[in-house]
Amino acid sequence: MSLDLLGKSLDELRALLAQMGEPTFRGAQLYHALYAERRFDFSQMTNLPAALRERLARETRITLPQILKRYHSTDGTVRYLLALDAAGAALAAPADGKPTTIEAVFMPEEGRQTICISTQAGCAVDCSFCLTATLGLIRNLTAGEIIGQVLVALEENRVRLGGLKPQTNVVLMGQGEPLLNYVAVMAALRILLDPNGVALAPKHVTLSTSGIVPGIERLALEKVRPKLAVSLNASSDEQRDQIMPINKKYPLETLLAVCRRYPLRPWEKLTFEYVLLGGFNDSPEDARRVVKLLNGLRCKANLIPWNPGELPYAPPDAARIEAFRSILAEKGLPVFVRYSRGQDIMAACGQLALLESAGASLTQITP
Ligand code: SF4
């Protein structure tokens, strides 16, 4: 199968063009056409000579994830069910030979939209409140498959967003634990954050982790990196062990120590996400313990009321959400209650599990 260019860095494209006997600046032109101009058909890359376009079309390809289904929410959110190319599946060929499917979510908002993307198909981390965990890990995504989700969502909404340079947030919060697919995720992020690439600003891109400590340490050393969000979801190790088995490997003390060492840029705060599970982790005592845990960190907290779904947790009631929020706020912690978008189409936090819609059974959709 011919070489897929999507996900290739500037250096890789320069080297490829040099190999083809072309001047290396053609690699930069190809990079610009692909990521900055979002041209996925070689014939439209008018910054390249016609003969080179024809040769690239013969010898290489550009494969975007294919939209199998769009689920439209009443709140404007769109969940995309995407099929990945079989070449990526060669990384871990599925036994049934079917293409791997993943999900991305587009959430329009006043003035700015957010695209939530997956970094793995399924997930091995096994958080008990998350439907993605029910899939297990299917495979890691390639850099091209990660970028491709952003490009598909931008292209789909190009007209309504007003062209090539929309104001876009991207969150790596879909299926998978990004720091367990580190190399591909960083390769994708370097292109997404490159001013000559997709040109998203680091302030507008957030990587969310369940707390993979070596991954956070590695990310801290990167020259180009997104903002970091950590899924806290509990106020003690005992509680976190029950819902996030990863806590046994990287308990709260270790996780928060690495967060304290994390080199924040002057404009940056860490985000701690806290899914409020009714009757489990939403008491005033929990809130007070969270305040202590986060003491001294330059951070904000996002409280995410549990989305009713297939799993045996209750949504927290409104009074408890407000009591929890006000305890954090009174202690000076910036805190926001984030009601998940797209709940009716299973596009909300922790709901990405290839389901048809709210109320669907836990069967994976097969294309
Ligand atoms: Fe994986 Fe995130 Fe779900 Fe945990 S919450 S199982 S890390 S996708």
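Student: What average pLDDT does the protein chain have?
Tutor: This is a predicted model, and its protein chain averages a pLDDT of 89. Of the residues, 87% score at least 70.

Student: Where does pLDDT stay under 50?
Tutor: One such stretch is residues 89–93, for which the model has eight contacts beyond four places in sequence. Another is residues 357–367, with 32 contacts beyond four places in sequence. Where pLDDT is low, the predicted coordinates should not be read in detail.

Student: Turning to the core, which residues touch the most other members?
Tutor: The largest nonpolar core has 101 residues, and those touching the most other members are Leu30, Phe129, Leu189, Phe272, Leu294 and Leu328. Domain 1 (3–61) and domain 2 (75–362) both contribute residues, so this core lies between them.

Student: And what does phenylalanine 272 touch?
Tutor: Leaving out residues up to four places away in sequence, its contacts include Val230, Leu232, Leu256, Leu294 and Leu297. Lys300 and Asn302 are also among them.

Student: A new topic: which residues surround the ligand?
Tutor: The ligand is surrounded by Cys123, Val125, Asp126, Cys127, Cys130, Ala133, Gly176 and Ser210. By class, this shell has five nonpolar residues, two polar ones and one charged one.

Student: Where is alanine 57?
Tutor: Alanine 57 is in helix α3, which covers residues 50–59.

Student: Why does it count as partly exposed?
Tutor: Alanine 57 counts as partly exposed because its relative accessibility is 46%, and that class runs between the cut-offs of 20% and 50%.

Student: How far is its C-alpha atom from that of phenylalanine 42?
Tutor: The two C-alpha atoms are separated by 6.1 Å, while alanine 57 and phenylalanine 42 are 15 residues apart along the chain.

Key:
Residues are numbered from 1 along each chain as its sequence is written. This is a predicted model: local features need pLDDT of at least 70, side-chain atom pairs count only at pLDDT 80 or more; totals for chains, interfaces and linings use all residues. Side-chain values use heavy atoms; hydrogens and water are left out. A residue is near a molecule or strand if one of its heavy atoms lies within 4 Å of it. Ala, Val, Leu, Ile, Met, Phe, Trp, Tyr, Cys and Pro count as nonpolar, Asp, Glu, Lys and Arg as charged, and the others, Gly among them, as polar. Helices (H or I, at least four residues) and strands (E, at least two) are DSSP runs, numbered from the N terminus. Buried means under 20% relative accessible area, exposed over 50%, partly exposed in between (1.4 Å probe, protein chains only). A nonpolar core is a set of buried Ala, Val, Leu, Ile, Met, Phe, Trp, Tyr and Cys residues joined through side-chain atoms within 4.5 Å. Domain bounds come from an automatic or database domain assignment. Contact means heavy atoms within 4.5 Å. pLDDT is the predictor's confidence in each residue, from 0 to 100.
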